Amino acid sequence: MKTEKKHIAILCSRLDLPGGTERAICNFANLFVAKGHIVIILVVDAANTADAFYPLEKNITVRAVPLHFGITPRGNPLSRKIAFIGHISQLKNEIKQLKPDIVISTDYPYSVAAVIGGVQKLTRLVSWEPHHFYWLKKNKFWTYLFKKTYPKLHTVICLNDTEKKLFDKMGCHTTIIPGFVPGFPASRASLDSRELLTVGWFIKRKGIDLVPAIAKIVFQQYPDWKWKLVGKGEEAAALQIAIKESRLQDNILIIPPVAHEELEPMYHGASLYIMTSRSEGFPAVLIESMAHGVPCISFDCASGPSDIIRDNEDGKLVETENVEAMAQAIISLIADETKRKKMGEHAFINVQRYGAENIYNSWESAVLSL
């Protein structure tokens, strides 16, 4: 079934960060355009710009719309409520002028504001949920609005079954559409290197604070291996101190965020991908690693990794925050090259289910063709 060309408006908070959410938004915007749709991205945040860290097709329009819906430290409770009401009206007017066939919101305040403003009466309104349900903390005001408005959305797009069940309990109409691999590399990683790789924010949620303790155990047995950490964040200084105190400066390499094309050789040069997150939604770095034939070892946090990794087939799942178990899982695959390479083969095969065409077909049947 071929869907007629749609005009799609995407609402997001920012595109200028080197994060997984920003990359996913750019990925599916590019995919929609490649399939003949018209896409405009509205960066709906008073503090952010229309600049994008990841590449976007040149015919995608990106525009900054300075609205905050009262989520700001400035002013007082009354001024913030006045802004909340005013910004809802402004958002509705923006949508009215654009006249899109579909509005895809990627942050809960915009979904809430759009429903209160009646956008769902003007066009098809869906919310794409990139984060774990419990990760984004809401105050009582926003929790109340969240529960009242989300069932009125046409569709809530969840990244996995765990998230779907949580939104189902709220009475939402839900569907699962995971992330995807934009393209598969021409060749796979050899898995002969002595390198571990982790890409992501240096924040508590990503478990970056656990890395030195894990590394200390691993490198006691395998001092000739390295661990590349690509990212930045509020835990960076503490991480540097812990690395120095553990005398791991020669083993752990910290690399600032780089463009995706610069990540390619890092994936290709890794023998294992390590994820230490305490919470995830749909970690695209796992499928990107697997697309290079790199097996992944991850904490089995509440949502995300277990939907991607098939334990002991294409990677390993470890009890969340269990430093010793993570270290031993890494050591086991460093020691067993045959098993590591077999897992890498399975990783490349299994990740094909996240190919762009398969995921676009899900968008088409669940959202674009309705």
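Me: Which residues are linked in a network of salt bridges here?
Reply: The network links Lys204, Asp209, Arg278 and Glu321, and please keep in mind that this is a predicted model.

Me: OK, how far apart are the closest N and O atoms of aspartate 209 and arginine 278?
Reply: The closest N and O atoms of aspartate 209 and arginine 278 are 2.8 Å apart, and the two residues form a salt bridge. Aspartate 209 sits in the loop between strand E8 (195–199) and helix H6 (211–221), while arginine 278 sits in the loop between strand E11 (272–275) and helix H9 (284–291), so this pair ties together parts that are 69 residues apart in sequence.

Me: And what does arginine 278 do with glutamate 321?
Reply: Their side chains also meet in a salt bridge, at 2.9 Å from N to O. Glutamate 321 belongs to the loop between strand E13 (315–318) and helix H11 (323–335), and because arginine 278 is in the loop between E11 and H9, the pair ties together parts that are 43 residues apart in sequence.

Me: How accessible are aspartate 209, arginine 278 and glutamate 321?
Reply: Aspartate 209 is partly exposed, with a relative accessible area of 28%. Arginine 278 counts as partly exposed at 23% relative accessibility, and glutamate 321 counts as partly exposed at 44%.

Me: How many salt bridges does the count come to?
Reply: The count comes to 16 salt bridges. One of these joins the side chains of lysine 342 and glutamate 345, at 3.8 Å from N to O.

Me: Where do lysine 342 and glutamate 345 lie?
Reply: Both are in helix H12 (residues 337–350), three residues apart, which is about one turn of the helix. An α-helix has 3.6 residues a turn, so residues three or four places apart point the same way. Lysine 342 is partly exposed, with a relative accessible area of 45%, and glutamate 345 counts as partly exposed at 36%.

Me: Switching to the sheet, what's the order of its six strands?
Reply: The order is E10-E9-E8-E11-E12-E13, in an open sheet with parallel pairing. Strand E10 (252–255) and E13 stand at the edges with a single partner strand each, so one side of each is left without a neighbour in the sheet. On average, neighbouring strands of this sheet are turned by 20° against each other, direction ignored.

Me: How many bridges join E12 to E13?
Reply: Four bridges join strand E12 (residues 296–299) to E13, and the two strands run parallel. Within this pairing, isoleucine 297 has lysine 316 in E13 as its bridge partner, and cysteine 296 stands opposite glycine 315 in E13.

Me: Are the faces of E13 covered or open?
Reply: Both faces of E13 are covered, with Gly315 and Leu317 on one side and Lys316 and Val318 on the other, and all of these residues are buried.

Me: Which strands does H6 lie across?
Reply: H6 lies across E8, strand E9 (226–230), E10 and E12, and runs at about 160° to E9.

Me: Now helix H5: which residues are buried there?
Reply: In helix H5 (residues 161–168), Glu163, Leu166 and Phe167 are buried. They cover an arc of only 95° around the axis, which puts them on the same side of H5. The buried residues of H5 pack against helix H4 (140–149), strand E6 (155–158) and strand E7 (174–176).

Me: What caps the N-terminal end of H5?
Reply: Asparagine 160 caps that end, with a side-chain oxygen 3.1 Å from the backbone nitrogen of threonine 162.

Me: Last topic, backbone angles. What is phi of phenylalanine 69 near?
Reply: Phi of phenylalanine 69 is near 55°, a positive value in a residue other than glycine. Most residues other than glycine have a negative phi. Phenylalanine 69 lies in the loop between strand E3 (61–64) and helix H2 (77–98), and it counts as buried at 1% relative accessibility.

Me: And arginine 247, buried or exposed?
Reply: Arginine 247 is exposed, with a relative accessible area of 74%. Its phi is near 55°, a positive value in a residue other than glycine, and arginine 247 is found in the loop between helix H7 (236–245) and E10.

Conventions: Residues numbered from 1 in each chain as written. Predicted model: local features only at pLDDT ≥ 70, side-chain atom pairs only at ≥ 80, totals over all residues. Heavy atoms only, no water. Salt bridge = Lys/Arg side-chain N within 4 Å of Asp/Glu carboxyl O. Buried < 20%, exposed > 50% of the residue type's maximum accessible area, 1.4 Å probe, protein only. Arc of directions from axis to C-beta. Contact = heavy atoms within 4.5 Å. Polar contact = N/O pair within 3.5 Å; in protein donor to acceptor, adjacent residues only side chain to side chain. Pairing = 2+ DSSP bridges. Axes fitted to C-alpha atoms, helices over the stretch in contact; angles between N-to-C directions.
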